[in-house]
Amino acid sequence: MLCIRGAKGVGKTTMMLQYMKEHFPKSSHAIYVSLDDLWFVDHRLTDLAEYHYTHGGTHLFLDEVHRYPFETWSIELKNIRDRYPSFHVIFSGSSLLQLNQSTADLSRRCIFYDLQGLSFREYLLLEKGINLQVLSLPDIMEGHEDLAADITGTTKILPLFDDYLHHGHYPFYRESLRTYSKSIQQVVTNIIDNDLPAVKRIEYITSIKLKRLFVLISQMVPFTLNLTSLGKQIEAPRQTVLKMCQLLQEAALFNMLYSEKTNLSQLSKPEKLYLENTNLLYCHVRQCRDRHCPRNVLCKPVG
């Protein structure tokens, strides 16, 4: 049993479908199912696994496991693994929250993998066919001048890096650069409006405050976090703001940087807040450059 975890839009569904196309092109031994399908309103995951296994199936690919309408998905997967030891189950989920909470049931039965967005090296390979070797940090520290000279001698790397900062994190940028910014907005909205409430049972007003917090952080340079000030702006108490930041980090929208200091006040909150990737930042910048932007301001990207 394998689990692929990651933020919405990084390519989990595509990875599973490509694997099936390559290894099971004309076979009924493997099926793909999205667990947000209406079929699961009246049926259970264990019923599907039993039918597929007894009819000769060997592989079951499950997508959007966090959208399963029943809260017992981890228990059902555990039961499937125990009943059919030779049965292969690969499942994925966009929300890291519920998967993290449910690892206790699956820890001895499942291997967890985290799928990240594209790195700059992966972006170069996907976009330009430039295949750079993987380098360790000691190699970079010791020979960065020679390594940089080798790369820049054959490729004008800075324009490509600038493109990567704008639209290189999510693979779906290849569908349309013109609508890429809108697609990122839809990803953020879907995470806050659908994934988080499905996991944490948060109320509608909390979703509004989460969006407001996300917008506030996107407008600021990395700063020493003042939870009280942020709380006043989104009308939430200090501890609630901290919990919201933690939620957005686990949902792969924020990165929180903690200080090395060990006093209790530093342990209670992060030192700085960042958006999880630069594409989120430039998405906000692009929208604010629009003359129809309701904020009616011109934002500038950090750096």
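**Exercise 1. Find the helix that holds methionine 141, and decide whether this residue is buried or exposed.**

Step 1: Methionine 141 sits in helix H7, which covers residues 137–152. Helices are DSSP runs (H or I, at least four residues) and strands are too (E, at least two), numbered from the N terminus. A word on the source: this is a predicted model, where local features need pLDDT of at least 70 and side-chain atom pairs count only at pLDDT 80 or more, while totals for chains, interfaces and linings use all residues. Residues are numbered from 1 along each chain as its sequence is written, and side-chain values use heavy atoms, with hydrogens and water left out.

Step 2: Check the cut-offs: buried means under 20% relative accessible area, exposed over 50%, and partly exposed in between (1.4 Å probe, protein chains only). Methionine 141 has a relative accessible area of 60%, so this residue is exposed.

**Exercise 2. Explain which parts of the chain are tied together by the salt bridge of lysine 8 and aspartate 195.**

Step 1: Start with the term: a salt bridge is a side-chain nitrogen of Lys or Arg within 4 Å of a carboxyl oxygen of Asp or Glu. For lysine 8 and aspartate 195, the N to O distance is 3.7 Å.

Step 2: Lysine 8 belongs to the loop between strand S1 (2–6) and helix H1 (12–23), whereas aspartate 195 belongs to helix H9 (residues 180–200), so their pairing links parts 187 residues apart in sequence.

Step 3: Both lysine 8 and aspartate 195 are buried; for aspartate 195 the relative accessible area is 1%. The side chain of aspartate 195 also has a polar contact of 3.1 Å with histidine 66. Such a contact is a pair of N or O atoms within 3.5 Å; within protein, one must be able to donate a hydrogen and the other to accept it, and residues adjacent in sequence count only if both atoms are side-chain atoms.

**Exercise 3. Describe the salt bridge of aspartate 82 and lysine 78.**

Step 1: Their closest N and O atoms are 3.6 Å apart.

Step 2: Aspartate 82 and lysine 78 are 4 residues apart in helix H3, so about one helical turn separates them.

Step 3: Aspartate 82, at 39% relative accessibility, is partly exposed, and lysine 78, at 24%, is partly exposed.

**Exercise 4. Which residues have the most contacts inside the largest nonpolar core?**

Step 1: A nonpolar core is a set of buried Ala, Val, Leu, Ile, Met, Phe, Trp, Tyr and Cys residues joined through side-chain atoms within 4.5 Å.

Step 2: The largest one has 56 residues, and those with the most contacts inside it are Leu213, Leu248, Leu253, Phe254 and Leu280. Helix H9 gives the most to this core, with 7 residues.
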